[in-house]
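The sequence and structure come before the text.

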Amino acid sequence: MTAEQEVLLVALVDLSADVDAGRRYEDAVLALLGRHGGRLERRLRTGDGKTEVHVIRFAARAGLDAFLVDPERVALRAELGDTAPVTRVLEVRDV
């Protein structure tokens, strides 16, 4: 049996639909990472405050999968509807 490898992600988060609501949402969902074996390594914001960059590491892919369907995360996103942040997630590796 082989151990699952860590998963390293970079998330590009567009908050421009509603910056304040988007930041509150991100604060709330990033706090859920730990319950799924994830951790936020860096959280960066552009000068205009409309985009964030998150560097996130999960101990295993199963943790990422569980985070994506976490009922609390899904409910928070549904509350925002069309003003929810638009996020592009890239799986990356050290070079």
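Asp70 and Arg35 form a salt bridge, with their closest N and O atoms 3.1 Å apart. The term stands for a side-chain nitrogen of Lys or Arg within 4 Å of a carboxyl oxygen of Asp or Glu. This pair links distant parts of the chain, 35 residues apart: Asp70 is in the loop between helix H2 (61-68) and helix H3 (71-80), and Arg35 is in the loop between H1 and S2. Helices (H or I, at least four residues) and strands (E, at least two) are DSSP runs, numbered from the N terminus.

Buried means under 20% relative accessible area, exposed over 50%, and partly exposed in between, with a 1.4 Å probe and protein chains only.

## Basis of the values

The model is predicted, so local features need pLDDT of at least 70 and side-chain atom pairs count only at pLDDT 80 or more, while totals for chains, interfaces and linings use all residues. Residues are numbered from 1 along each chain as its sequence is written, and side-chain values use heavy atoms, with hydrogens and water left out.

## Other salt bridges

A search of the whole structure gives 9 salt bridges. One of them joins the side chains of Arg43 and Asp27, at 2.7 Å from N to O. Arg43 belongs to strand S2 (residues 38-45) and Asp27 to helix H1 (residues 19-30), so that distant parts of the chain, 16 residues apart, are linked. Both residues are partly exposed, Arg43 at 30% relative accessibility and Asp27 at 44%.

Glu91 and Arg61 form another salt bridge, with the closest N and O atoms 2.7 Å apart. Here Glu91 in strand S4 (residues 86-92) is linked to Arg61 in helix H2, 30 residues apart. Arg61 is partly exposed, with a relative accessible area of 34%.

An open sheet is formed by 4 strands in the order S2-S3-S1-S4, with antiparallel pairing; two strands pair if DSSP finds at least two bridges between them. S2 and S4 each have a single partner strand and stand at the edges, so one side of each lacks a neighbour in the sheet. From one strand to the next, the twist averages 20°. Axes are lines fitted to C-alpha atoms, for helices over the stretch in contact, and angles run from 0 to 180 degrees between N-to-C directions.

S1 and S3 pair over 8 bridges in the antiparallel sense. Val7 has Phe58 in S3 as its bridge partner, and Val13 stands opposite Glu52 in S3. H1 packs on the sheet and touches S1, S2, S3 and S4, its direction making about 155° with that of S2. S2 and S3 pair over 7 bridges, also antiparallel, with Leu40 standing opposite Ile56 in S3. Their hairpin has 5 residues between the strands, and Gly49 in this hairpin takes a positive phi near 75°. S3 is mostly covered, with 6 of its 8 residues buried.

## The buried face of H2

Which residues of H2 are buried? They are Gly63, Leu64 and Phe67. Seen down the axis of H2, these residues fall within an arc of 100°, so they line one face of the helix; the arc is that of the directions from the helix axis to the C-beta atoms. The buried residues of H2 pack against strand S1 (7-14), H1, strand S3 (51-58) and H3. Contact means heavy atoms within 4.5 Å.

## Phe67 and the aromatic pair

Phe67 lies in helix H2 and is buried, with a relative accessible area of 9%. Not counting residues up to four places away in sequence, Phe67 touches Val29, Leu32, Leu33, His36, Phe58 and Arg73.

The structure holds 1 aromatic pair. The rings of Phe58 and Phe67 have centres 5.9 Å apart and planes at 50°, so the pair is tilted. Rings of Phe, Tyr and Trp (its six-membered ring) pair if their centres lie within 6.5 Å; planes under 30 degrees apart count as stacked, over 60 as edge-to-face and the rest as tilted. Phe58 is buried, as is Phe67.
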